[in-house]
Amino acid sequence: MRDLKIVTIFTMKEMLKRKSFIVTTIMILLLIIIGFNIPNIINFFNKGNNQNDGTSKLLIVDSKNIFEGTLENLNNMNLGYKVEISNEELSFEDIKNKIENKEIDNAIIIEQNTENLNSYRLRYIVENIAIVSSIPEDLLNAISNTYTNLQISKLGLTQEQLQSLTPNFEYSIEQTEEQEVSGNVMVIMLLSIVLFYAIYFCAYQVSSSITTEKTSKIMETLVTSTSPRTIVMGKTIGIGIVGLVQVCLFVATALISAKLFLEPGLLESVLDMSKFTPYLAIITIIYFILGYFTYALLYALTGSTVSKPEDIQSANTPVAILAVIGFYLSYFTMMNPTSSLNVFASMFPISSPFCMPFRIMMGVASITDVILSLAILVVTILIVANIAIKIYSNAILNYGTKMSLGDMIRIYRDKNN
């Protein structure tokens, strides 16, 4: 136990001293902060082009007075525009000059179709069509509703007749499957991506650490002072602790940034986190730890088979493929969480760490499902650990060429004899 603690602490210190780890952590923290400041950055640059109140200046040219002065109502609809109405005949060049002189930001010219008097053409003029390619839908709907209301008012309809034109529809959504599904799919997919990268990159560091220490001959000192089993478990636990702390730091930074930089209620309106309960948080951490151990032990195995850092990438490819298959298996089956394939993904050990927490969030996983999934994952870890440690014990001091799959099978069989 004392040796395990020593190896774990040693691994944590080595991990924390790595320049790549420090630089990566700082860059991700900065990206998180910048990401939550994107709305503020956009507003900052928009203020330079818009009026003091932050709204765009829109000119609507209604030279035929088709709307009979009702377009002024657009300023009362909180569309984000300061609308200016003109009944003059303005050409494209006239409007172009106004945009270039920053008198307006964009313009709409309303023209009547000469072939069909009930049809109208809206010419939307902007500075650059690559930035704004079409009339904003809310603005188009507001103009359409304004014209509709104008025509309705001319018909002299009673209040009852007006209400019959705009009925109030109440709706509900019902499903044919007996199992009810809840939760925000966007939140589920986002957290699945975060969990995958957290497990994958933390586990990847185990392989890199083992190969680096083989190159520096540190491993020879470790092997002579403790057992290979202790080394494997100590390095796996040490990097896992650092990785978990790193993930917690990222999550804490994201929560603080959201609180400081986003408008109140903005994040909640996009991502519904009401289903993320303490129970789900604990389950997610458990699956993170078990998923990490599964992939970390596989990477420990591949890391011990090479003696040069440049060979790590090719040696790790099979494990990386397994991780990607597991992630996509869980990711795409979330579209249909009650399907048999999704149930399989929540049980299959390479995908269950990414899938089961979010089956729980959607309310489709029973306690029995969770226990069975965890049991399968634990058994998988024990099997992988047994294989990894046995091969590791024989391969760790190999400084020759990269070991092949056949070599690993032969070593494992020899150890059983």
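This is a predicted model: local features need pLDDT of at least 70, side-chain atom pairs count only at pLDDT 80 or more; totals for chains, interfaces and linings use all residues.
**Helix α2**

- Helix α2 covers residues 19-36, which makes 18 residues. From its first C-alpha to its last, α2 reaches 26 Å, close to the 26 Å expected at 1.5 Å a residue.
- Phe21, Thr25, Leu29, Ile32 and Phe36 are the buried residues to look for in α2. Looking down the axis of α2, you will find its buried residues within an arc of 60°, so they line one face of the helix.
- As background, residues three or four places apart in an α-helix point the same way, because there are 3.6 residues a turn.
- Lys19 and Leu31 sit on the other side of α2, where they are exposed.

- Strand β1 runs over residues 56-61, and six of its six residues are buried, so the strand is largely enclosed by the rest of the structure.
- In a regular strand, side chains alternate between the two faces of the sheet. Both faces of β1 are covered, with Ser56, Leu58 and Ile60 buried on one side and Lys57, Leu59 and Val61 buried on the other.
- Strand β2 (residues 81-86) pairs with β1 in the parallel sense, over six bridges. Here valine 61 stands opposite serine 86 of β2.
- Strand β3 (residues 106-112) also runs parallel to β1, joined by four bridges. The bridge partner of valine 61 in β3 is isoleucine 109.

**The nonpolar cores**

- The largest nonpolar core holds 55 residues, and Tyr292, Tyr295 and Val370 touch the most other members.
- Several helices each supply at least two residues of this core: α7 (185-215), α9 (228-261), α11 (278-304), α12 (312-333), α14 (352-361) and α15 (367-395). The biggest giver is α11, with 13 residues.
- Leaving aside residues up to four places away in sequence, valine 370 touches Tyr279, Ile283, Tyr287, Met356, Ile360 and Ala365.
- Another core, of 17 residues, lies apart from the largest one, and its members include Ile60, Ile66, Leu74 and Ile108.
- In soluble globular proteins, nonpolar side chains tend to be buried together.

**Aromatic rings**

- The count of aromatic pairs comes to 17. One of them joins phenylalanine 196 and phenylalanine 354, whose ring centres are 5.3 Å apart with planes at 75°, so the pair is edge-to-face.
- Phenylalanine 196 belongs to helix α7 and phenylalanine 354 to helix α14, so this pair ties together parts that are 158 residues apart in sequence.
- Phenylalanine 354 also pairs with phenylalanine 327: their ring centres are 6.4 Å apart and their planes at 75°, so this pair is edge-to-face too. Since phenylalanine 327 lies in helix α12 and phenylalanine 354 in helix α14, the pair links parts that are 27 residues apart in sequence.
- Phenylalanine 327 counts as buried because its relative accessibility is 7%, which is under the 20% cut-off. Phenylalanine 354, at 1% relative accessibility, counts as buried as well.
- One aromatic cluster is formed by Phe196, Tyr197, Tyr200, Phe201, Tyr204, Tyr295, Tyr299, Phe327, Tyr328, Phe332 and Phe354.

Notes: Residues are numbered from 1 along each chain as its sequence is written. Side-chain values use heavy atoms; hydrogens and water are left out. The expected span of a helix is 1.5 Å times one less than its number of residues. Buried means under 20% relative accessible area, exposed over 50%, partly exposed in between (1.4 Å probe, protein chains only). The arc is that of the directions from the helix axis to the C-beta atoms. Two strands pair if DSSP finds at least two bridges between them. A nonpolar core is a set of buried Ala, Val, Leu, Ile, Met, Phe, Trp, Tyr and Cys residues joined through side-chain atoms within 4.5 Å. Contact means heavy atoms within 4.5 Å. Rings of Phe, Tyr and Trp (its six-membered ring) pair if their centres lie within 6.5 Å; planes under 30 degrees apart count as stacked, over 60 as edge-to-face and the rest as tilted.
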